[in-house]
Amino acid sequence: MASAFDIEEIYPDDGETSVRLPRRQIGPSPQGVAVTLLADYTLRTRAALPSAAIVALLAEAGVSSAGARTAISRLARRGVLERSRQGRHSSYRLSPTVAAELSAGGNWILTSTAGATPWDGCWTIVAFSLPQDRSAQRRALRGQLRWLGYAPLYDGLWISPDELTPPARSRLAQLTLGAVTVFRARQAELAASGQRAPIEAWDVDAIGREYEEFLRRWSPLASAAGPIDGAAAVRARTEVMETYRRFPTLDPRLPRELLPAGWPRQAARDLFAAVYDGLAGPAERHVRAVVARHAGGAPPPDVRAHTTADMLAGVRADGCGPPPG
């Protein structure tokens with residue numbers, strides 16, 4: 001959802017294939033880690049953190065100093081971060097637009113991985129045709145469809161079990177300029193044995209393996225008896241967020257009727273909340289300490305650990321709590 005992240009972090013650009021498998025992450029990008037760190041501890045306040053503090057926190061996540069400074073610079077050039085200076089010292093904070101997108105994205109992550117709503121048996125179909133010389137527009141459209149929970153049944157025909165919402169309709173209209181048709185219908189059963197079921201647009205087995213790997217990776221930490229120190233808590237919260245935020249795109253609340261018994265969507269959501277919220281206290285204290293060391297004598301900015309409750313509540317445009325209404 002948020003433009004601070006790229007759909008290619010989840011799905012590789014594999015051209016014309018109809019089923020795209022989730023990308024196996026070797027490690028998140030330095031820019032992605034920087035955005036996640038700032039969102040996890042400054043989204044509600046849009047506090048500006050000293051660049052040296054961001055570099056130190058990224059170093060604890062395994063990013064070199066040079067890589068961290070390059071990531072910060074590129075994020076600033078892209079408008080993801082705003083820069084301010086006091087003497088020789090620079091500080092950075094999330095831009096208002098990106099903070100709003102990340103807030104909406106956080107809400108989307110949790111609401112999209114909640115239990116699936118009752119399904120009416122219909123599919124929303126997006127059919128489009130773009131010339132080969134408009135490859136950039138075609139790639140942007142496919143990326144947007146991925147974010148919206150669609151998958152390709154065939155190259156130019158993408159489907160979702162959900163209704164097309166007004167925001168989604170607006171996004172698609174901006175990208176297609178009349179080259180798309182959208183309708184909602186039921187599948188017509190054919191006697192032919194070779195017909196392709198709509199659910200086959202998703203590799204359900206691969207998605208299930210992603211869930212199982214998530215549960216194996218994080219269950220021991222959630223049940224650990226001893227305390228987790230501050231730096232380890234920050235690293236764990238960053239990593240669990242970087243991993244879990246991919247699930248709404250991999251498994252956009254596919255109907256229970258079409259999934260294997262015991263589908264682990266809810267178990268993964270519960271485990272994410274246990275890790276992310278359970279480590280909020282020690283992680284916040286550690287980030288505050290790191291920032292204070294690099295504040296140059298100035299009062300440290302307002303650092304607050306984001307929680308799943310905050311993700312559901314969202315933040316106002318000024319970064320001060322839930323939105324009105």
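**Reading salt bridges and exposure**

Biologist: R216 is listed as exposed, with a relative accessible area of 53%; which cut-off leads to the word "exposed"?

Modeller: The label exposed requires a relative accessible area over 50%, so in this predicted model R216, at 53%, counts as exposed.

Biologist: With which residue does the side chain of R216 meet in a salt bridge, and how exposed is that partner, E213?

Modeller: A salt bridge is read from the distance between a side-chain nitrogen of Lys or Arg and a carboxyl oxygen of Asp or Glu, which has to be within 4 Å. Here the side chains of R216 and E213 meet at 3.0 Å, N to O, and E213 is partly exposed, with a relative accessible area of 34%. Both residues lie in helix α7, which covers residues 204–222, and they are 3 residues apart, about one turn of the helix.

Biologist: Which residue forms a salt bridge with R217, and what does the pair tie together?

Modeller: R217 forms a salt bridge with E239, the closest N and O atoms being 3.3 Å apart. R217 lies in helix α7 and E239 in helix α8, residues 230–244, so the pair ties together parts that are 22 residues apart in sequence. R217 is partly exposed at 36% relative accessibility, and E239 is partly exposed as well, at 37%.

Biologist: How many salt bridges does the structure hold, and which residues are linked in a network of them?

Modeller: The structure holds 14 salt bridges, and a network of salt bridges links E284, R288, D302 and R304.

Key:
Residues are numbered from 1 along each chain as its sequence is written. This is a predicted model: local features need pLDDT of at least 70, side-chain atom pairs count only at pLDDT 80 or more; totals for chains, interfaces and linings use all residues. Side-chain values use heavy atoms; hydrogens and water are left out. Helices (H or I, at least four residues) and strands (E, at least two) are DSSP runs, numbered from the N terminus. Buried means under 20% relative accessible area, exposed over 50%, partly exposed in between (1.4 Å probe, protein chains only).
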